[in-house]
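Please look over the sequence and the structure shown here before reading on. The report that follows takes up the strands and helices, then the packing between them.

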Amino acid sequence: MKLTLESFKFKPFFLLLKSGYAMWAFIYQPLLYCYIALGMMAPAKHTSFAFHPIHVSTTNVEYNKQDNKLEVICTIFTDDFEVALAKQFRTKTDLTRADMHKAMDELVKKYISANLQIKTDGAPANLSYLGFEINKEATDVYLESAKIPAVKKVGVNVSLLHNQFDDQINIVHIIVGGVRKSEKLDYPDKKVEQVF
């Protein structure tokens, strides 16, 4: 049986655990894990364009001690991201088409730059956009900082998809020295700061 998001819809969580599908979601699709867990708590919104009942993204910020850089991955549902890009830049968007990748790269770079800022020990981190790729139903956006000294405090200001959804949830994971601290930001909240 092919595993898809549809395989998870409308099944009680205990059946997912018994069938082994939950393990697949926990290991390979952290975003789907959020979808399943939060989807059970929130009432589904059924509209003609809605693919999923909640709007969520994850931002993973990890300090790489060997390179002295922050490595950042933003994971956003592709359909939501395309709508937000189209709304902000008033242009046709399709993140999955290879012939549009260069044009989409520019839009993604501008959007992320405007909606994600990171500070380390009070100083803004200079983030470089590395690119994006499609990962099943999600888009992963990759960034890294210039070299920075050892980090004790990390602040993240993230407003991804706030221009599109008033029920947006942004989950931020910050990892320094192997210690992971996470925070769930419900719209309109957008700031988190962690001390290590």
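## Basis of the description

Helices (H or I, at least four residues) and strands (E, at least two) are DSSP runs, numbered from the N terminus. The model is a predicted one, in which local features need pLDDT of at least 70 and side-chain atom pairs count only at pLDDT 80 or more, while totals for chains, interfaces and linings use all residues. Residues are numbered from 1 along each chain as its sequence is written, and side-chain values use heavy atoms, with hydrogens and water left out.

## Overall composition

The protein chain has 6 helices and 10 strands. Of its 196 residues, 43% are buried, where buried means under 20% relative accessible area, exposed means over 50%, and partly exposed lies in between (1.4 Å probe, protein chains only). Contact means heavy atoms within 4.5 Å; among contacts between residues at least 6 apart in sequence, 56% join residues at least 24 apart.

Two strands are taken to pair if DSSP finds at least two bridges between them. An open sheet of 6 strands has the order β5-β6-β2-β1-β8-β9, and its pairing is mixed. Its edge strands, each pairing on one side only, are β5 (127–135) and β9 (179–186). Neighbouring strands of this sheet are turned by 15° against each other on average, direction ignored, with axes taken as lines fitted to C-alpha atoms, for helices over the stretch in contact, and angles running from 0 to 180 degrees between N-to-C directions.

Helix α5 packs on this sheet, touching β2, β5 and β6, and its direction makes about 95° with that of β2. Helix α6 also packs on the sheet and touches β2, β5 and β6, its direction making about 125° with that of β5.

Within the sheet, strand β1 (residues 56–64) and strand β2 (residues 69–77) pair in the antiparallel sense over 8 bridges, and Ser-57 stands opposite Ile-76 in β2. These two strands form a hairpin with 4 residues between them, and Asn-68 in the turn has a positive phi of about 55°. Strand β2 also pairs with strand β6 (residues 138–145), in the antiparallel sense and over 7 bridges; here the bridge partner of Phe-77 is Ala-138 in β6.

## The sheet of four strands

A further open sheet is formed by 4 strands in the order β4-β3-β7-β10, with antiparallel pairing. The edge strands are β4 (123–124) and β10 (191–195), each of which pairs on one side only. Strand β3 (residues 116–120) and β4 run antiparallel and are joined by 2 bridges, and Thr-120 has Ala-123 in β4 as its bridge partner. Helix α6 packs on this sheet, touching β3 and β7, and its direction makes about 50° with that of β3.

Asn-157 is found in strand β7 (residues 153–158). Leaving aside residues up to four places away in sequence, Asn-157 touches Asn-115, Leu-116, Gln-117, Lys-190 and Lys-191. The C-alpha atoms of Asn-157 and Asp-189, which are 32 residues apart along the chain, are separated by 9.1 Å.

## Nonpolar cores

A nonpolar core is a set of buried Ala, Val, Leu, Ile, Met, Phe, Trp, Tyr and Cys residues joined through side-chain atoms within 4.5 Å. The largest has 36 residues, and those with the most contacts inside it are Phe-81, Val-108, Ile-112, Leu-116, Ile-118, Val-141 and Val-156. The largest share of this core, 5 residues, comes from α6. A second, separate core of 5 residues includes Val-56, Phe-77, Ile-169 and Ile-171.

Leu-107 lies in helix α6 and, at 12% relative accessibility, counts as buried. Beyond residues up to four places away in sequence, Leu-107 touches Leu-85, Phe-89, Thr-91 and Thr-93.

## Contacts of aromatic rings

A search of the whole structure finds 1 aromatic pair. Phe-81 and Tyr-111 form this edge-to-face pair, at 5.6 Å centre to centre and with 65° between the planes; rings of Phe, Tyr and Trp (its six-membered ring) pair if their centres lie within 6.5 Å, and planes under 30 degrees apart count as stacked, over 60 as edge-to-face and the rest as tilted. Phe-81 lies in helix α5 (residues 78–89) and Tyr-111 in helix α6 (residues 101–115), so the pair ties together parts that are 30 residues apart in sequence. Both Phe-81 and Tyr-111 are buried.
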